[in-house]
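Have a look at the picture first, and then we'll start with a single residue.

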Amino acid sequence: MYYNACLKHDLHYMLRALERPVPREARLAQRLTILVGTMTGTAQLVADEVADAVKARGIAVEVVPMDGLDAAVFEGESAFLLCTSTYGQGDVPDNAQALFADLERTKPDLAQIRYGVIGLGDRTYAQTFCFGGKRFDALLQSLGARRIGEPMLHDASAGTIPEEVAIDWIEPWLDRFRAERDQAA
Ligand SMILES: Cc1cc2nc3c(=O)[nH]c(=O)nc-3n(C[C@H](O)[C@H](O)[C@H](O)COP(=O)(O)O)c2cc1C
């Protein structure tokens, strides 16, 4: 009888704790979402490799293709990596167009968002090198989001493997991400 009462009491408080809104800092600590903009799959490969490295550091991560997304993807989460290539005349890839346009149109307040950028491009396109990543970066900043670290910009004409460059880049980025998280806690 006594134990039943204790159990009920504990359960009551556990359920109350679950109902409480999770503070921004706690959400920042919990999960990283990698949004992928790609035409021919390179950015997806890079995102998957980066996700493995993030997991290995004990941070939960989700890789989400940008297809069909709108600005609502930034609600309820606070830490993002934008991993996107560039097409056309410095455009974001087709699967990123709707998300980009919705952010431009609805102008949500993204002050709670922290993000990093992995931009894929080719310096042969000298006037628009990595504009996909750069345009997302400028747009998120204009909406109040704060970038962690410098963007990674991969040049397909350089002969380096983008996944390898990204794996080297993500380690110091995660150090900064963790430092921000600990500072906020
Ligand atoms: C038709 C076409 C247009 C491109 N336009 C640009 C560009 O304007 N700027 C740039 O930096 N890279 C440009 N690129 C290079 C791609 O962004 C780069 O190859 C990237 O790694 C492709 O990644 P993805 O497979 O994830 O789409 C272009 C590539 C193609 C095929």
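This is a predicted model: local features need pLDDT of at least 70, side-chain atom pairs count only at pLDDT 80 or more; totals for chains, interfaces and linings use all residues.

Ile-170 counts as buried, because its relative accessibility is 0%. "Buried" here means under 20% relative accessible area, "exposed" means over 50%, and "partly exposed" is in between, using a 1.4 Å probe and protein chains only. You'll find Ile-170 in helix α6, which covers residues 162–184.

Residues are numbered from 1 along each chain as its sequence is written, and side-chain values use heavy atoms, with hydrogens and water left out.

**The overall layout**

How many helices and strands are in the chain? There are 6 helices and 6 strands. Helices (H or I, at least four residues) and strands (E, at least two) are DSSP runs, numbered from the N terminus. Read from that end, the order of elements is α-α-β-α-β-β-α-β-α-β-β-α. The chain has 185 residues, and 42% of them count as buried.

Leu-32 is another buried residue, with a relative accessibility of 0%. It belongs to strand β1, residues 31–37. Leu-32 and Phe-80 are 48 residues apart along the chain, yet 5.5 Å separates their C-alpha atoms.

**Around the ligand**

Now for the ligand, which sits in the largest pocket. To define a pocket, a 1 Å grid is laid over the protein atoms alone: a pocket is an open set of points with protein on both sides within 12 Å along at least five of seven lines, where a cavity is a set of points where a 1.4 Å probe fits but cannot get out, and lining residues have an atom within 4 Å of a point. A molecule sits in one of these if more than half of its atoms lie within 2 Å of its grid points.

The ligand is surrounded by 18 residues, and the closest are Thr-38, Thr-40, Thr-42, Thr-86 and Thr-128. A residue counts as near if one of its heavy atoms lies within 4 Å. This shell is made up of 7 nonpolar, 10 polar and 1 charged residues. At least two shell residues come from each of α3 (42–56) and β4 (114–121).

Here are some polar contacts, meaning pairs of N or O atoms within 3.5 Å; within protein, one must be able to donate a hydrogen and the other to accept it, and residues adjacent in sequence count only if both atoms are side-chain atoms.

| Residue | Part of the residue | Distance to a ligand oxygen atom |
|---|---|---|
| Thr-40 | side-chain N or O atom | 2.4 Å |
| Ser-85 | polar side-chain atom | 2.8 Å |
| Asp-122 | backbone N or O atom | 2.9 Å |

On its own, the ligand has 650 Å² of accessible area, and the protein covers 81% of it. Such areas come from the Shrake-Rupley method with a 1.4 Å probe; for residues, only the protein chains shown count as cover.

Ser-85 is in the loop between β3 (79–84) and α4. Is Ser-85 buried or exposed? Ser-85 is buried, because its relative accessible area is 9%.

**Two positive phi values**

Lys-107, in the loop between α4 (94–106) and β4, has a positive phi near 45 degrees, though it isn't a glycine. Lys-107 is exposed, with a relative accessible area of 59%.

Cys-130 isn't a glycine either, and its phi is positive at about 55 degrees. It lies in the loop between β4 and α5 (131–142). Cys-130 counts as buried, at 1% relative accessibility.

Notes:
Ala, Val, Leu, Ile, Met, Phe, Trp, Tyr, Cys and Pro count as nonpolar, Asp, Glu, Lys and Arg as charged, and the others, Gly among them, as polar.
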